[in-house]
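Subject: Handover of a structure

Dear colleague,

Please find below the structure that I am passing on to you. My notes on it follow directly after.

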Amino acid sequence: LGLLVEIAHTRVELNNITYSAGVSACEKGGQWSKALGILAVMMHARLELETITCNAAISACEKGEQWEKALGLLAVMACARVELST
């Protein structure tokens with residue numbers, strides 16, 4: 001998350017790919033709260049949520065035993081009309 005903040009102060013464009021990489025890194029590192037924080041920043045920036053990014057955040061929540069957060073994210077995905085993977 002700190003790296004994304006640093007990048008925001010440069011001329012590098014933050015987009016779905018950079019945010020998705022951040023969420024994925026958080027998922028792999030077991031940082032569920034940071035993964036959700038990145039998603040919040042994405043929504044604030046009005047970037048379209050994508051299935052793969054949301055799945056990584058849900059996986060981070062699962063690894064952190066945060067099932068209620070994972071269910072909340074599924075509700076956000078439904079409201080944002082993000083395709084649910086099967």
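Asn16 has a relative accessible area of 13%, which is under 20%, and therefore counts as buried. Please bear in mind that the model is a predicted one.

Asn16 belongs to helix α2. Its side chain forms a polar contact with the side chain of Glu50, at 3.0 Å. When neighbours within four places in sequence are set aside, the residues in contact with Asn16 are Met42, Leu47, Glu48 and Glu50.

I turn next to the packing of two helices. Helix α2 covers residues 16-28 and helix α3 covers residues 32-44; the two pack at an angle of about 165 degrees, and their axes lie 8 Å apart. Since an angle over 145 degrees counts as roughly antiparallel, α2 and α3 are therefore roughly antiparallel to each other. The crossing in which α2 passes α3 is left-handed. On the α2 side, the contact is made by Asn16, Tyr19, Gly22, Val23 and Cys26, while α3 contributes Lys34, Ala35, Ile38, Leu39, Val41 and Met42.

Ser59 and Glu27 are 32 residues apart along the chain, and their C-alpha atoms are separated by 6.4 Å. The side chains of Ser59 and Glu27 make a polar contact of 2.9 Å.

Yours sincerely

Notes:
Residues are numbered from 1 along each chain as its sequence is written. This is a predicted model: local features need pLDDT of at least 70, side-chain atom pairs count only at pLDDT 80 or more; totals for chains, interfaces and linings use all residues. Side-chain values use heavy atoms; hydrogens and water are left out. Axes are lines fitted to C-alpha atoms, for helices over the stretch in contact, and angles run from 0 to 180 degrees between N-to-C directions. Helices (H or I, at least four residues) and strands (E, at least two) are DSSP runs, numbered from the N terminus. Angles under 35 degrees count as roughly parallel, over 145 as roughly antiparallel, 65 to 115 as roughly perpendicular and the rest as oblique. A crossing is left-handed if the near helix is turned anticlockwise from the far one by less than a right angle, and right-handed if clockwise. Contact means heavy atoms within 4.5 Å. Buried means under 20% relative accessible area, exposed over 50%, partly exposed in between (1.4 Å probe, protein chains only). A polar contact is a pair of N or O atoms within 3.5 Å; within protein, one must be able to donate a hydrogen and the other to accept it, and residues adjacent in sequence count only if both atoms are side-chain atoms.
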